[in-house]
Amino acid sequence: MGQLLRTRGSLAPLIHTAGVLLEAQEHLLKTLPDELSDHVRVGGYHDGNLTLMTDRAVWLTWLRFERQRLLTLLRQLPAFHDLSGLTFKVRPIKPVYTPHPRTRELPETAASQLRECARDTTSPRLRKSLERLASHAGQDSE
């Protein structure tokens with residue numbers, strides 16, 4: 001993996017670009033109004049132009065009015081010191097998916113049956129796994 005990141009013609013330029021775009025996204029989110037932060041994303045950087053994407057035309061209008069301020073703001077970053085312009089696009093922005101935590105409960109009767117199976121098995125690995133599983137009975141999920 002290290003060789004792929006260090007050698008010429010490999011993943012290093014792509015990883016560098018991704019890091020630069022992430023830095024621009026974070027810098028931009030710090031300064032945008034709260035109501036706009038979920039609706040604007042950095043899309044890409046090509047030939048001195050940074051693309052900003054939004055999910056609604058109303059936010060696109062706001063971005064156009066704020067173009068000069070955003071350019072000044074983004075030029076503060078070393079990677080965008082020579083930023084020549086901004087391109088705006090309306091695209092659906094998918095929210096970051098965060099799975100809901102699922103709580104699982106193991107009834108004491110099931111734990112008791114697992115302990116019985118563990119006592120009756122000859123495999124030490126299986127016995128240890130069954131005992132570990134049975135130990136989850138009655139614990140509060142956080």
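Start with helix α3 (residues 57-65) and α4: the two pack at an angle of about 70 degrees, and their axes are 4 Å apart. That angle makes α3 roughly perpendicular to α4. Keep in mind that this is a predicted model.

Now show the side chains at this contact. From α3, select W62, L63, R64 and F65; from α4, select R67, R69 and L70. These are the residues that meet. Colour them by class. The contact of α3 with α4 has four nonpolar and three charged residues, and no polar ones.

Next, the aromatic rings. A search of the whole structure finds one aromatic pair. Select Y45 and F80: their ring centres are 4.9 Å apart. The planes stand at 90 degrees, over the 60 needed, so the pair is edge-to-face.

Y45 is in strand β1 (residues 40-46), while F80 is in the loop between α4 (67-74) and β3 (85-90). The pair therefore ties together parts that are 35 residues apart in sequence.

Which of the two is buried, and which is partly exposed? F80 is buried, with a relative accessible area of 1%. Y45, at 33% relative accessibility, counts as partly exposed.

Move to N49, in strand β2 (residues 49-54). At 29% relative accessibility, N49 counts as partly exposed. Show its contacts, leaving out residues up to four places away in sequence: N49 touches G44, L83, S84, G85, L86 and T87.

Pick out two of these partners. For G85, draw a distance to the backbone nitrogen: the side chain of N49 reaches that atom at 3.3 Å. For L86, go C-alpha to C-alpha: N49 and L86 are 5.3 Å apart in space, yet 37 residues apart in sequence.

Finish at Q25, in helix α2 (residues 12-31). Is Q25 buried or exposed? Its relative accessible area is 11%, under the 20% cut-off, so Q25 counts as buried.

What does Q25 touch, not counting residues up to four places away in sequence? Select V40, R41 and V42. Then look closely at V40. Its backbone oxygen lies 3.3 Å from a polar atom of the Q25 side chain. V40 also falls within strand β1 (residues 40-46), the strand that holds Y45.

Notes: Residues numbered from 1 in each chain as written. Predicted model: local features only at pLDDT ≥ 70, side-chain atom pairs only at ≥ 80, totals over all residues. Heavy atoms only, no water. Buried < 20%, exposed > 50% of the residue type's maximum accessible area, 1.4 Å probe, protein only. Polar contact = N/O pair within 3.5 Å; in protein donor to acceptor, adjacent residues only side chain to side chain. Contact = heavy atoms within 4.5 Å. Phe/Tyr/Trp six-rings, centres within 6.5 Å; stacked < 30°, edge-to-face > 60°. Axes fitted to C-alpha atoms, helices over the stretch in contact; angles between N-to-C directions. Parallel < 35°, antiparallel > 145°, perpendicular 65-115°, else oblique. Nonpolar A, V, L, I, M, F, W, Y, C, P; charged D, E, K, R; others polar.
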